[in-house]
Every structure is written in structure tokens, then in C-alpha cells.
Amino acid sequence: MSKAYDRVEWEFIKALLQKMGFHDHWIKLMMECISSVQYRVLLNGQPRGLIIPQRGLRQGDPLSPYLFILCTEALITNIKKSEREKQLTGIKVARACPSISHLLFADDSLFFCKAQKEECHTILRILKEYEKASGQLINFDKFSI
């Protein structure tokens, strides 16, 4: 992913928390924490202007990594759904073990499937849907199939 924290849409987080069954009061508190950020620019050592962002998670905020992990749950859910529907096939490292379809590391991701055009298109479709919904961008400079 490119600019992982900077681009997360606040409405996506809110909808995700609702879908995951978090209590409305807790969601309200989380959204207040996320959306209460304001920035000022230092000009000659003096704060000037006011910047009020409309999206993004603050790097360094103790909540941000946890909220980011919750966001990736939407991506994981769609990958698992495609596996259940036999649109994707993960890899197995042994006969009696579950298949592995994805590994996620911060803003790096690995997806495993059969080397078939249809399965590659399925992964691309899921990533593009996630990109559109979450606001995160796929870094196509680091992307390969």
C-alpha cells in the first residue's frame, strides 16, 4: 500500500466499526479521537494557519496501528470470501494444514493463488475494491504478479 496511514477514509473506519458490531458510543468516541486533529504550520517559529484534515490516521498516535489493523480486516474478509467461493486457491505447505492466501506486514502484502489468469484478476479486483472503499492506494511501482 502507498501512504497507508495518510489516506484512510474516516467514513470507511466508521462503517467498518459498525459492521464489526462495536457499540455506537464506542464508535463515537473513536471517531472523535480520529477527527479532532488540527495542524498549524510554523513560520519563523510562530504557528500560522489552520489545517483540518478530512481523512487519515495520525502516525505516532497509539490508536492508529490498531485502527489500521481493523481496516485490513475488510481486505482479509474479501480474500477469504473469494476462497470460500473457489475464486482463489491459497497454497499449502503440508497436506494436513490450512491453505495460506495472504500475508500482511504493515503496508506490505503478499497474496498467494494458483498461477491462473482468473485468480490473478480476482486478487486485482479485491485490491481495487478495497482501494476505492478505504482510500488507501496500491503502490503499483512495487506491485507484481
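First, the ground rules. The model is predicted, so local features need pLDDT of at least 70 and side-chain atom pairs count only at pLDDT 80 or more, while totals for chains, interfaces and linings use all residues. Residues are numbered from 1 along each chain as its sequence is written, and side-chain values use heavy atoms, with hydrogens and water left out.

Helices and strands here are DSSP runs, numbered from the N terminus (helices: H or I, at least four residues; strands: E, at least two).

Start with H1, residues 10-19, and H2, residues 24-35. Their axes come within 10 Å and cross at roughly 160 degrees. An axis is a line fitted to C-alpha atoms, for helices over the stretch in contact, and angles run from 0 to 180 degrees between N-to-C directions. H1 and H2 are therefore roughly antiparallel. The cut-offs: under 35 degrees is roughly parallel, over 145 roughly antiparallel, 65 to 115 roughly perpendicular, and the rest oblique.

Who meets whom? From H1 come Trp 10, Ile 13, Lys 14, Leu 17 and Gln 18; from H2 come Trp 26, Ile 27, Met 30, Met 31, Ile 34 and Ser 35. Contact means heavy atoms within 4.5 Å. By class, the H1 contact with H2 has eight nonpolar, two polar and one charged residues. Ala, Val, Leu, Ile, Met, Phe, Trp, Tyr, Cys and Pro count as nonpolar; Asp, Glu, Lys and Arg as charged; the others, Gly among them, as polar.

Now H1 against H3. Again the axes come within 10 Å, but the crossing is roughly 75 degrees. H1 and H3 are therefore roughly perpendicular. Phe 12, Ile 13, Leu 16 and Leu 17 of H1 touch Leu 67, Leu 70, Cys 71 and Ala 74 of H3. That contact has eight nonpolar residues, no polar and no charged.

Next, H3 and H4. They pack at about 150 degrees, axes 10 Å apart. That makes H3 roughly antiparallel to H4. The H3 side includes Cys 71, Leu 75 and Ile 79, and the H4 side includes Arg 125, Ile 126 and Tyr 130. By class, the contact has seven nonpolar, four polar and one charged residues.

On to the second largest pocket. Among its lining residues are Phe 12, Leu 16, Glu 73, Asn 78 and Tyr 130. H1, H3 (64-84) and H4 (117-134) each give two or more residues to that lining. The lining divides into seven nonpolar, two polar and three charged residues. On a 1 Å grid over the protein atoms alone, a pocket is an open set of points where a 1.4 Å probe fits, with protein on both sides within 12 Å along at least five of seven lines; lining residues have an atom within 4 Å of a point.

Last, Gln 38. It sits in the loop between H2 and strand E1 (39-43). Gln 38 touches Leu 50, Ile 51 and Ile 52, not counting residues up to four places away in sequence. The C-alpha atoms of Gln 38 and Leu 50 are separated by 6.8 Å, though twelve residues apart along the chain.
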